[in-house]
Amino acid sequence: MSIDLLATGIALLTFFGISALMALSLNLEYGVAGIPNFGKALFVSIGAYTAGVTYTRLLPLLAGQEVIDPCGRTLADALQLRSDIMFTDPTAGWLNFAITLLIAGLIGGAVGYGLSYITLRLKEEWFLALVLLVSGEIIRIVVRGYDPIICAHNGLSGIAQPFVAVGDTQTASILFAALTVGFALIAFVYAERLIRSPYGRLLRAIRENEHVSQSLGKQVARIRAQVMFIGSFMAAVAGVLFALNIGFVNTNDYVVTLTLDVWVMVVLGGAGNMRGALLGAAVITILDRVTAIVAIQLNMAGSQWEFNYFRFILFGLLLLLMLRFRPQGILPERRDTTSVPLVFAEETADRGAGAEQPSGD
Amino acid sequence: MLHIDDVHKQYGGLLALSGASLEVGAGKLIGLIGPNGSGKSTLINVISGVTPLTSGRVTFDGHDITNHTADAVFRHGLIRSYQDPSVFFEMNVLDNATLPIRAQIGENPLLAPLRRLWRRQEETNAHASLDVLKSLQLARHCANLASDLSGGQMKLLELARTLQGAPKMMLLDEPTAGVAPPLAYQIFEAIRRLRDEHGITFLIIEHRLDMLFDFVDELYVMHMGAIIAHGSADDIAANPTVRDVYLGY
Ligand SMILES: Nc1ncnc2c1ncn2[C@@H]1O[C@H](COP(=O)(O)OP(=O)(O)OP(=O)(O)O)[C@@H](O)[C@H]1O
Ligand SMILES: [Mg+2]
């Protein structure tokens with residue numbers, strides 16, 4: 001029994017970066033704006049499917065080659081072609097990567113915006129949760145059965161991450177881990193600043209009382225749709241990184257359990273607290289990897305227990321315990337304020353004056 | 001400034017508004033009174049776009065705002081308060097007052113992360129809010145959560161918040177409910193000052209008639225979803241029908 005610690009560490013870090021992106025996006029939507037997005041897997045999958053399409057159609061073009069049908073009899077040739085390009089033409093690889101991220105983010109964002117605008121204008125927000133949950137499954141089934149996107153249920157392999165061109169596999173995976181963590185960091189800083197701005201105040205107002213917010217001139221449906229755009233953009237970027245990390249795109253990875261994992265991260269870490277989202281992502285990533293490794297070890301030791309299923313029980317239990325004993329999460333939402341520090345000197349001065357007031361009246 | 005023409009509102013089998021019409025001239029301070037359940041709050045809900053009306057027409061400042069959304073009504077400068085406490089309880093007092101301020105740079109999700117773009121404006125806004133809170137004796141609570149305020153203080157905060165939306169006209173649903181008499185009197189004085197100095201028009205629902213009668217230019221009386229009387233405070237006090245259905249003397 002030997003575990004390559006460095007490789008495990010790199011894998012953990014990469015998964016953490018990707019999970020953190022998903023958790024931050026749900027935390028912005030649900031934790032801050034109160035939108036129960038139960039379609040996280042849908043938006044992540046949009047990123048992965050986009051990568052499938054660009055790696056098979058756009059990448060050859062960028063490298064000045066002819067596009068080969070990736071699914072039919074030319075499957076092997078197409079696979080060879082995209083692998084070759086990624087190893088030999090890093091410029092095309094990187095360009096393709098950048099365009100993939102952008103397109104994935106925009107499509108994900110647009111779908112999030114559109115779905116929330118349609119549903120939130122009509123009904124309660126939990127209606128959106130249901131629509132998203134079902135949409136994710138419908139899209140998954142369609143993609144599974146429809147060849148041109150990712151070769152239906154076969155999926156696509158050879159979706160290499162852009163650092164493979166450096167040659168050494170370990171260096172490449174270290175660099176990719178750093179890249180994913182970098183993306184997570186950007187998302188964290190953005191989200192953190194957003195919630196400490198007047199926009200954060202606006203989102204919390206809508207979360208608490210949408211009707212009063214609207215009476216105060218806030219365009220609730222539009223603002224919620226904006227948040228869904230931002231969150232879904234992040235989720236789709238996470239989806240691209242997810243696909244590149246494992247090297248293939250398959251509809252089986254984007255099922256409801258993915259959505260639920262992200263929910264556990266947010267509830268565990270602390271809804272509304274961005275550090276909490278990072279913490280939740282870290283804890284769940286580690287638990288996920290540890291249980292996977294234990295499962296493999298047990299299997300090899302000849303155990304008839306399918307330990308993989310324990311993971312679901314464990315996460316479910318964790319969720320229930322948190323909701324029962326610490327619903328605010330490990331790191332509760334901070335009572336952030338944008339305006340008070342700006343008038344603080346005066347506020348304290350007023351406190352002094354206020355103490356004298358009763359005798360004056 | 002505000003014209004309400006033959007407005008009906010049906011809730012299932014209940015006709016909460018049955019052809020209510022009224023008119024509020026610019027710069028006027030108008031009271032709206034009537035027994036519990038006579039439809040006063042419903043009228044404000046319908047005007048402010050909170051509930052859709054069944055039939056009728058509402059125009060404000062030259063615009064037909066019939067069945068406009070609540071945020072559109074706000075943008076026209078018609079701002080309401082609520083009868084039940086409706087502050088943002090999980091938010092501090094200063095943020096409550098600052099939220100409705102218009103054209104906030106920091107409310108754009110692309111600009112919001114760049115603090116230096118909105119900091120100066122936010123500072124100005126926060127000071128403006130603090131000034132309003134001071135005038136309503138809430139300044140010392142500005143860093144506290146709104147949920148920590150007393151019921152009367154919440155009404156005051158709501159008044160402050162309404163003001164911060166830069167209204168041309170305010171629809172106030174019982175602005176002094178739960179407020180001690182001296183402060184209630186000050187609220188009415190503040191309202192009169194706002195009218196006199198800033199030309200803000202008011203339609204005020206109140207059950208505290210003693211004070212209301214002292215301050216308003218005209219009164220409308222509602223009963224069973226319709227306006228049954230309209231006139232000066234003296235006219236209304238002397239009106240036998242109004243005495244019968246509402247005043248009770
Ligand atoms: N959302 C609603 N659904 C059903 N009926 C309603 C609704 N809102 C108000 N009503 C009914 O409409 C009628 C008028 O209510 P409204 O709140 O307008 O009265 P009001 O004049 O403001 O009374 P009060 O002085 O007690 O505040 C009441 O009979 C009430 O039960
Ligand atoms: Mg009422």
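How does chain B score on average for pLDDT, and what share of the residues score at least 70?

1. Chain B averages a pLDDT of 89, and 100% of its residues score at least 70; pLDDT is the predictor's confidence in each residue, from 0 to 100. The model comes with ipTM 0.90 and pTM 0.90.

2. Some housekeeping: this is a predicted model, where local features need pLDDT of at least 70, side-chain atom pairs count only at pLDDT 80 or more, and totals for chains, interfaces and linings use all residues. Residues are numbered from 1 along each chain as its sequence is written, chains are lettered from A and ligands numbered from 1 in the order in which they are written, and side-chain values use heavy atoms, with hydrogens and water left out.

3. Now for ligand 1. Its surroundings hold 14 residues, the closest being Asn36(B), Gly37(B), Lys40(B), Ser41(B) and Thr42(B) (a residue is near if one of its heavy atoms lies within 4 Å).

4. Sorted by class, that shell has 8 polar, 4 nonpolar and 2 charged residues (Ala, Val, Leu, Ile, Met, Phe, Trp, Tyr, Cys and Pro count as nonpolar, Asp, Glu, Lys and Arg as charged, the others, Gly among them, as polar).

5. Look at the oxygen atoms of ligand 1 next. A polar side-chain atom of Thr42(B) sits 2.5 Å from one oxygen atom of the ligand. For Gly37(B), a backbone N or O atom lies 2.8 Å from a ligand oxygen atom, and for Ser38(B) the corresponding distance is 3.2 Å.

Note on methods. A polar contact is a pair of N or O atoms within 3.5 Å; within protein, one must be able to donate a hydrogen and the other to accept it, and residues adjacent in sequence count only if both atoms are side-chain atoms.
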